[in-house]
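User: Could you walk me through a structure, one question at a time? I'm new to this, so please show how you get to each answer.

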Amino acid sequence: MNKSTILSKFKSLEIFPLLSFLGKWGVFSLLIGALNGSASAFFLLSLDWATNYREANIWIISLLPLGGLTIGLAYHYWGSSVVKGNNLLFEEYHNPTKVIPFKMVPLVLLGTLITHAFGGSAGREGTAVQMGGAIADQFTRFFKLSNLDRKMILIVGISGGFASVFGTPLAGTVFALEVLIIGRMRYEALLPSLLTALVADYTCTAWHVHHTQYAVAFVPTLTPANLFWAVLAGVVFGLAARSFSSLTHFWSRWFGMLIPYPPFRPLIGGIVIALSVFVIGTTRYIGLGVPVIVEAFEIQVGNFDFLWKTLFTTFTLGAGFKGGEVTPLFYIGATLGNVLSEWVSLPMALLAGMGFVAVFSGATKTPIACTLMGIELFGSECGAYMAIACVVAFFMSGHSGIYGSQVVGSPKNILFSSRKGKALESKEK
């Protein structure tokens, strides 16, 4: 038997482990996707109810301090092991120690619903991702999975949660691969992540949950002048993302230093937020803010809407309320893009869409996922503009984002200290 025949025989045998891998992760993806999609559907329907009830009963915002105290006490006395939220998923991925407790699911679900029902400013991605990761990680317990398989499980959990809550399976697939290590992706998890995202999105839709639709009616040709304006807008979006991340961490440190007893932090924060809402006289800057996001694609919005939303959201999350950052980042980016249309020679709706995904890109360090999200939400015609905005915003936002436990696998540029980059890289290994 000659060398080429032996090599051909070995290559033919590769099909068996590949089929085994596909069968194993096909089953896991189907189960986890169905569970995560159902959990997201229940969460989204409950969140709609909470939002509608608050808007119909504005007086309930006066109870936000009580809601904050409830969240604080629940996490302090029952949820101390899961209080880190998304960062716990990242830490367990990089340094596996123990299975994420399932109690993360009801705690973050109820905490987020309380935050929104009583008038906090937060999102929904954090909740969906935490529920998805916690649900998926229970398979580690039941099937005695290795650390390598557990990393895959956490990836597909994040993918399923993200894809189903936003209705963007391609973005969810890549987000789970991209968010864990800045500048590195694990391609062996690509197929399981994609399968889980597709199943989760389909399952959520099957429960008759509908996602908000946005429209970018006109996309101009990408001329040199338009390229310049797109890059300039990306710079602004990146700086907005950087400001959001810095403020979130600032408020968290500030509350930690001034209020030693954790349950009192959302109590005090709730008093400040509730008073601010009543003094300003509008609920425009609390909750998810989806109606304002829709407005940003259709009419001119307030010049300072993005700034108010930044302040309300970073303060809410820094005080210890639960939810996520992503939908408020959509709000900030869309309204900022809307305002930029007064000076930037690009269509208002296109700039709103670019800001929608680019500020998110800068804050989470996921430019590829955000570009895909822009294409899924606004159409392939916008693809080049979305990519430019997301990549430039990613570059301009620095290495620190909203997730403190992200690891830098590859520095963005040679100006970033090679020593620091190597240290962070060795930490990941």
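User: Is Cys 382 buried or exposed?

Analyst: Keep in mind that this is a predicted model. To count as buried, a residue needs under 20% relative accessible area. Cys 382 comes in at 0%, so Cys 382 is buried.

User: How many disulfides does the structure hold?

Analyst: A disulfide is a covalent bond between the sulfur atoms of two cysteines. For a pair to count, the sulfurs have to be within 2.5 Å. The sulfur of Cys 382 is too far for a bond, because the closest cysteine sulfur, in Cys 390, is 11 Å away. Cys 204 is in no disulfide either, with the sulfur of Cys 370 as its nearest at 20 Å, and the total for the structure is zero.

User: Which residue's backbone oxygen lies 2.7 Å from a polar side-chain atom of Thr 203?

Analyst: Thr 203 has 12% relative accessibility, so it counts as buried. Beyond its neighbours within four places in sequence, it touches Gly 33, Ala 34, Gly 37 and Ser 38. The backbone oxygen at 2.7 Å from its side chain belongs to Val 199.

Conventions
Residues numbered from 1 in each chain as written. Predicted model: local features only at pLDDT ≥ 70, side-chain atom pairs only at ≥ 80, totals over all residues. Heavy atoms only, no water. Buried < 20%, exposed > 50% of the residue type's maximum accessible area, 1.4 Å probe, protein only. Polar contact = N/O pair within 3.5 Å; in protein donor to acceptor, adjacent residues only side chain to side chain. Contact = heavy atoms within 4.5 Å.
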